Amino acid sequence: QISTKVSQSDIDKTVNNIEFGGVNLLSNTFEFENLSNWSLSKGPGQNGDINLIDDPIFRNVIHIVKPNSQSWFVLGNYPIRTPNNKFEVGKEYTISFMAKANGNLNMFVAFMDGNGTNSVGCNLQMALNTGWNYYKGTFKASDTGNTPELYITMDTGEIWITKIKLSEGNKDAGWSICPFDINQKIKDNITTVTTKISNVES
């Protein structure tokens with residue numbers, strides 16, 4: 001009985017602290033605790049890196065360093081949380097995020113397979129600078145994709161990014177957590193509470 005009460009209390013607290021809005025189709029996109037769902041692919045001679053940086057405004061954010069342009073350099077987020085993890089042909093989608101760079105540089109946003117094939121028809125260019133700015137782009141899917149993921153490339157330099165959101169339609173209602181992440185947070189919370197109770201009982 002104690003386990004049930006404590007678990008429900010913690011679950012309620014978790015849900016109440018979650019922001020809701022238009023459905024976010026990407027996982028792990030704000031207040032990062034780890035880099036789950038994210039990957040950095042780089043070619044020969046490319047020594048770039050991805051890590052989490054504590055930012056005074058947005059807390060933990062993703063930080064990417066691309067030191068040269070010798071070969072490919074792709075930041076990815078997978079999977080897309082749509083039915084069958086694919087896009088719907090003819091439907092509009094909106095990608096938005098907060099980002100900044102260590103100077104004036106371009107960031108390119110697409111959705112395609114991790115190997116650079118099977119584009120769904122999104123090719124957006126964002127001009128970043130040294131201040132935090134909000135960026136948004138809308139595209140109409142021309143293909144479902146095979147195993148599509150968020151596919152980000154950039155000029156040489158550094159970028160910081162957070163509050164990423166992919167949603168259906170041409171309007172952005174503001175960042176919201178992915179429903180999959182909500183379920184995961186609740187599961188993690190139940191596991192933590194159960195572990196604590198087991199430790200007390202033992």
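A nonpolar core is a set of buried Ala, Val, Leu, Ile, Met, Phe, Trp, Tyr and Cys residues joined through side-chain atoms within 4.5 Å. The largest one here has 35 residues, and I95, F97, F111 and L166 have the most contacts inside it. This is a predicted model, in which local features need pLDDT of at least 70, side-chain atom pairs count only at pLDDT 80 or more, and totals for chains, interfaces and linings use all residues. Residues are numbered from 1 along each chain as its sequence is written, and side-chain values use heavy atoms, with hydrogens and water left out.

**Overall layout**
- The chain has 2 helices and 10 strands, taken from DSSP runs (H or I of at least four residues for helices, E of at least two for strands) and numbered from the N terminus.
- Along the sequence, the order is α-β-β-β-β-β-β-β-β-β-β-α.
- Of the 202 residues in the chain, 44% are buried; buried means under 20% relative accessible area, exposed over 50%, and partly exposed in between (1.4 Å probe, protein chains only).
- Counting contacts (heavy atoms within 4.5 Å) with a separation of 6 or more, 76% are between residues 24 or more positions apart.

**The cores**
- To return to the 35-residue core, eight strands each supply at least two of its residues, from β3 (59-66), β4 (73-77) and β5 (92-101) through β6 (105-112), β7 (123-128) and β8 (133-140) to β9 (149-154) and β10 (157-168).
- Strand β5 gives the largest share of this core, 5 residues.
- Another core, of 9 residues, lies apart from it and includes F30, M98, W175 and I177.
- Beyond its neighbours within four places in sequence, L166 is in contact with residues including V23, L26, I80, F87, I95, F111 and F139.

**Salt bridges**
- There are 4 salt bridges, each a side-chain nitrogen of Lys or Arg within 4 Å of a carboxyl oxygen of Asp or Glu.
- E31 pairs with R59, with the closest N and O atoms 2.1 Å apart.
- That pair links distant parts of the chain, 28 residues apart: E31 sits in the loop between α1 (2-16) and β1 (38-42), and R59 in strand β3.
- E88 and K91 meet at 3.1 Å, N to O, and together with E168 they are linked in a network of salt bridges.
- K165 and D172 also form a salt bridge, at 3.9 Å between the closest N and O atoms, and both residues are buried.

**Cysteines**
- The structure holds 0 disulfides (pairs of cysteine sulfur atoms within 2.5 Å).
- C122 counts as buried because its relative accessibility is 0%, and C178 is buried at 1%.
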